[in-house]
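Please read this briefing alongside the sequence and the model. It covers helix packing, ligand surroundings and backbone geometry.

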Amino acid sequence: MSSFVAKCLDCDAHTPYHPLTNACPECGSEWMEACYDLDTGIFWGSTFADRPASLWRYSELLPLQNPSLYPTIGEGWTPLFPAHQLGMLLGLPNLYIKDERQNPTGSFKDRQAAVTVAALLEHNINEAVICSTGNVAIAFSAAFARAGLKLWAFITSLVPPDKMREVAIYGSQVIKVTGTYDQAKKLAAQFSLERGLFLDRGVRSITALESMKTIAFEIAEQLAKLQLPSNAETKKTSTWSSPDWYIQAVSGAIGPLGVLKGFQEMHAAGLVDKIPALACIQSAGCAPMAKAWEADLDVADPVLSPKTHITTLTTGDPGRAYTLLRQRMLETGGGTIDSVSDEDAFRALGLVAKVEGLSIEPAAAVAFAGLIKLVRQGVIHPDDVVVINCSGHTMPVESRLLGPAWSKDISVDDFEFPTHPREGIVAALTQIDQTQMRNVLVIDDQADARRLIRRLLEAQGTFLVAEAESGPIALQLVKQSVPDLIILDLMMPEMDGFALLDRLRAQMPTHDIPIVVVTAKELTSVEWKRLDGHIEQLMTKGDFFVEELIEEIEEALRQEH
Ligand SMILES: *Cc1c(COP(=O)(O)O)cnc(C)c1O
Ligand SMILES: [Zn+2]
């Protein structure tokens, strides 16, 4: 679909993109960005307008070859609408809300999740790690569930329990880290390195940064439509329109960096005539970028212990993201990085609910409080066209909806005492596993059936699941390590389930393993006889609920021990 290369920000080398490449092959820099051919971009305005309303309409500008692999539910293309009442209160007639609440999990992180999963699918990667202050974990968990991939979600223990449980209900493996967000990020990075897994590295992940451009594209396209006279014949324009300001609450700066890149590309392609100023708003209890901006520094001093209730915004050490953001803002549309108190944010949250009827989350309220502050200070002018990024609450998951084993808890302290032998985080997690986890082998020739059973089991938090796509492969696997239980499909080419069962039962140590047969087949009486006495349970596909499957597995395991 799109033709792009990964360009190193430090040595300019151009290389092909692969999700597992974390550094420039020429100089080792971890900072690479997607680079497109923008020469024909002027035609995109009319090309994109005819496509379905979702972020996928911008495929030429996304780092993907085959976006259709992703089971989309229409991420992006969230409404842009005027905020009349709030605008009136602020004396700002051209105030628009980009309603990111209407994404699948209520924040703009759904864009990052969708584009990232699409890239993983096209590179046949089926397991990944993220670290999050909440919204990224929720968005990724939902997208991973839809795509049937496995996600390890490292979350700081400071994240509100509701949000943390939502991650678990989608079936991700939650690793609750007692420590700050920055410390949790380090553990997640270490874990992904030890396991060789894809890690979303925020601003440094090409898919993550690129996904955020779609906010900019949509704003420009939607704003152009809104600004047409209402009697215009057709609501289609070939050129787009930039606002004067884009406002967002900021933590790691992936949003503003991506949005800015989006406007830069549109500008380079001739689709818009200017690049907006950015207003990046931080929570005062964790505002390293706002402090550095005010002092005119190009490196931000890290905040070691954030003091804010708004956990979503607790990147204490923005690192190079700040330096890049500042440099690019100064080179393009300018703007400001500022901060507001939690109290002002909560007040803004109540105001937006009352005058606009929008239920927003505290992080989004930080952006609205910033808007109010900048209007009062005269930084934003009455005739400016202003777009504010607005996210919402997520689904409240009550604790009784989850089983007891939905998270694994580790503390950064466990890894920071030099007196302890420095064991890896994988070892630490394995130790937790060994006390509670049972090994299950799923044997089924259909990949999607295996994947579904794997996801359902893994979501319990007490099973480690291995897969075999055929009888011979299964026999190989049980030779290497004997599972606690086998889930067996009957209809398979080469060696069917009956034949495999005979082989497993004929020898130690698989002679006694509990076996649950899951089949789509109506059994004949002869076949019933063949199974009788050899298996613990028979379940027919399409005819059982998840709870029953889990119960049968637990029951079969109990009988054994
Ligand atoms: C992630 C998030 C932010 C911070 O975004 P960055 O662009 O990563 O700084 C702000 N608000 C909401 C609602 C978020 O989910
Ligand atoms: Zn390089």
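The points below are grouped by topic.

This is a predicted model, in which local features need pLDDT of at least 70, side-chain atom pairs count only at pLDDT 80 or more, and totals for chains, interfaces and linings use all residues. Residues are numbered from 1 along each chain as its sequence is written, chains are lettered from A and ligands numbered from 1 in the order in which they are written, and side-chain values use heavy atoms, with hydrogens and water left out.

**Helix 3 and helix 7**

- Helix 3 (residues 109-122) packs against helix 7 (residues 206-227) at an angle of about 130°, and their axes are 8 Å apart.
- Helices (H or I, at least four residues) and strands (E, at least two) are DSSP runs, numbered from the N terminus; axes are lines fitted to C-alpha atoms, for helices over the stretch in contact, and angles run from 0 to 180 degrees between N-to-C directions.

**Helix 16 and helix 17**

- Helix 16 (residues 471-480) and helix 17 pack at an angle of about 20°, with axes 10 Å apart.
- That makes helix 16 roughly parallel to helix 17.
- Gly471, Ala474, Leu475 and Val478 of helix 16 meet Leu500, Arg503 and Leu504 of helix 17.

**Ligand 1**

- Ligand 1 is surrounded by 17 residues, of which Lys109, Ser251, Ala253, Gly255 and Ser391 are the closest (one heavy atom of the residue within 4 Å).
- Oxygen atoms of ligand 1 lie 2.7 Å from a polar side-chain atom of Asn135 and 3.0 Å from one of Gln248.
- A backbone N or O atom of Gly252 lies 3.0 Å from an oxygen atom of ligand 1.

**Backbone geometry**

- The Met508 to Pro509 peptide bond is cis, with omega near 0°; Pro509 lies in the loop between helix 17 (497-506) and strand 18 (515-519).
- Asp12, although not a glycine, has a positive phi of about 70°, and Asp12 is in the loop between strand 1 (4-8) and strand 2 (14-15).

Notes:
A polar contact is a pair of N or O atoms within 3.5 Å; within protein, one must be able to donate a hydrogen and the other to accept it, and residues adjacent in sequence count only if both atoms are side-chain atoms. Angles under 35 degrees count as roughly parallel, over 145 as roughly antiparallel, 65 to 115 as roughly perpendicular and the rest as oblique. Contact means heavy atoms within 4.5 Å.
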